[in-house]
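Student: I would like to go through the terms used for this structure and see what each one rests on.
Tutor: Then let us set each value against its definition.

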Amino acid sequence: MTPLDRWKGALCLITFWTFIAGCSAADTDITLDAKAAFNHRMQSLDLLIFVGLLSLTVLTIWLFKHHRVSWLHETGLAVIYGLIVGAIIRYAGTNKPLVHMQVEPQGEPIYTNKLPPDTLWFKYPVNQTNTTKLPEGIKTYAYVFRGQVYDIEENEIDLKATFDPEVFFNIILPPIIFYAGYSLKKKYFFRNLGAILTFAIVGTTLSAFLIGGLMYGCVKLMPNYLSSSFTFLDTLYFGALISPTDPLTILAIFNDLHVDVNLYALVLGESVLNDAVAIVLSGAIQNYGEHYSNSGEFETSAFLRSLSDFFSIFFLSLLIGAVMGCFTALLTKFTRVRDFPLLESALFVLMSYSTFLLAEATELTGVVAVLFCGICQAHYTYNNLTECSRQRTKQIFELLNFLAENFIFSYIGVSMFTFPKHHFDAGFIITAFICAALGRAVNVYPLSWLLNIKRKPKISSNFQHMLFFAGLRGAMSFALAIRNTVSDARQTMLTATSLIVIFTVIIQGGAANFLLNWLKIPVGVDDETEQLNNYHVHSSDGYLQDVEGGGRGKTRLASGADSNLDTPMDGNAATAVNGGAGRRRNSHEKAILARIWGNFDTKYMKPLLTHSRPTLLETLPVCCNPIARLLTTTQQLTQDGSEFRRVDSDSDICIDNETGNGLAQDGLGSGAGAGGRRNSINRVASEHGNVYI
């Protein structure tokens, strides 16, 4: 054989093996592409399931509203549909088992940390050819930590029907919390500020510690397999996560039936703030166990440091939210971004969401920050926006809030069957229900008694019962429970929390109409009617009479009957008839802190952050005129001051409360969530000019 023939033979052999290797590599790529395509289909099916659930919920809501069905709210519908779909996925879906491979370390493991590693670098022998079973290469793959494995059969759709808990905190919760602050009716919020802060901060903390203590005592009486997995910090954490309320169903019924605005404000205000309190409190409890306590038992120094964390994180988060809201107001006031409404709306949304991310990135609480950012955006930035941007931002966040809330409740139902980390224990679940009810009772009744010592008007007993009944659990409790499900204790908490949320949303929410009738709580009370009930004249028998009716006020009850609302005469609340001149009486309209802030806000904050009058040139000392002129826009100077009404900071934040020049003078203006309910103090005063207020 000639050398040329030998070279030709070698070349043919090389070409052959190159072709075989290429075919093998292509075969591997094709297999990986097929797996990626299958994963994509599963993810699309997963999203389709939840989109279908939301669409079905929307259509059913329309049907219920069309037929005036009020015994089941949209969130209850979402939960029920989620349970049905979850059961179908679990028991009727096709089973595509996952491929598992057990890997055991050889020799002495060099990893000694308490927690498992974040990733595993797995060296896997790859079979490169189809003709031989021998491995021909070693590849390294990274596997991410997902949790402890139990004797549970999992299939592809089960895993794809669940989400990373961080999705809830970083994507789902922010629009819900922001909308709560952005649509808040601040007039009634500030009128009941003292009671709201008491229920939200003191009440939620008392409830958390009571539930934690009772649960710890009860768990220690349970079988050893359960009691050994719970520490006192675990039960205290459970108390913190189960204490916040989410009475969406109750509030929707209140709004539809026009329940007394003060009761509405108490329920809404507490639910808005106790979410923030609960997440900060749960973080403080975790810090106590992870960073401060050496033994896990009670230590005074560790407790004081955790208490310091609670207040510092809460107020620093609040500060970040307020600063970001004010900064956005300054941007919209001193720039011409309003010339491009789309850019203006985009800036508003991005600045609001960045508040949440900034707080989380600085180890604070994004929920608190974005809540108070929403309040500041509504109070200041909203007034600087164009009419187009006002409508757009209201509608965007109202839509996001609706979809996010219903998505969470749908997911709660689906996850009861598809989430692999549930741990059912009947004793723990029943105890959790009882302790949650006791914690809510401690939140409402003792604190109402304390508030009624000085409060006028007092929180009546039927209002207290309604506040207790309005303690539905919802999105925040579930999000905190599902965030960590590694241990048996946390999995048991998740199951109990999910069942409590489902029960309270469906059963308690559905019984709200019946309870309104049974407690004889007045409904059909518009803001104007409620305001008229605050303006009375003396009757000869020592009671106050309604000005408009000439006698005792009548308000329709939930059953449709009329109720005579006799109000004993109070020295501060008394009004008099005197010749047509009158003055405003607001001693019981606002908390003292709200009055102090209102004066400061009207003189300094609004002129700085909005185009409102009076300007800083009028309110600051003469020596500050150069700075005041720099911070005053031409629009403020050229406006006719007589066109602006000088009103306080929580009475002018009524929805759709506009000034004479067509601008929403200070506050939410025609903000979202109005519901057509609006206060008309000035019109009442002008129509009844003979009343001294």
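**Burial, salt bridges and a helix pair**

Tutor: Arg 613 has a relative accessible area of 16% and is buried. The model is predicted, with local features needing pLDDT of at least 70, side-chain atom pairs counting only at pLDDT 80 or more, and totals for chains, interfaces and linings using all residues. Residues are numbered from 1 along each chain as its sequence is written, and side-chain values use heavy atoms, with hydrogens and water left out.

Student: Why is Arg 613 called buried?
Tutor: Buried means under 20% relative accessible area, exposed means over 50%, and partly exposed lies in between (1.4 Å probe, protein chains only). Arg 613 has 16%, so the residue is buried.

Student: What makes Glu 618 and Arg 613 a salt bridge?
Tutor: A salt bridge needs a side-chain nitrogen of Lys or Arg within 4 Å of a carboxyl oxygen of Asp or Glu. The N to O distance here is 3.5 Å, so the pair meets the rule. Glu 618, at 43% relative accessibility, counts as partly exposed.

Student: How many salt bridges does this rule give?
Tutor: The count comes to five. Among them is Asp 601 with Lys 606, whose closest N and O atoms are 3.6 Å apart. Asp 601 is buried at 0% relative accessibility, and Lys 606 is buried at 1%.

Student: What separates Arg 390 and Glu 387 along helix α14?
Tutor: They are three residues apart in α14 (residues 387-418), which means about one helical turn. Arg 390 is buried at 5%, while Glu 387 is partly exposed at 44%.

Student: Why is α11 called roughly parallel to α13?
Tutor: The axes of α11 (residues 300-334) and α13 (residues 366-384) come within 7 Å and cross at roughly 25°. Angles under 35 degrees count as roughly parallel, over 145 as roughly antiparallel, 65 to 115 as roughly perpendicular and the rest as oblique, so α11 is roughly parallel to α13.

Student: Which residues make the contact between α11 and α13?
Tutor: With contact taken as heavy atoms within 4.5 Å, they include Phe 314, Leu 318 and Lys 333 of α11 and Phe 372, Cys 376 and Tyr 380 of α13. The contact residues divide into twelve nonpolar, eight polar and one charged. Ala, Val, Leu, Ile, Met, Phe, Trp, Tyr, Cys and Pro count as nonpolar, Asp, Glu, Lys and Arg as charged, and the others, Gly among them, as polar.

Terms used: Axes are lines fitted to C-alpha atoms, for helices over the stretch in contact, and angles run from 0 to 180 degrees between N-to-C directions. Helices (H or I, at least four residues) and strands (E, at least two) are DSSP runs, numbered from the N terminus.
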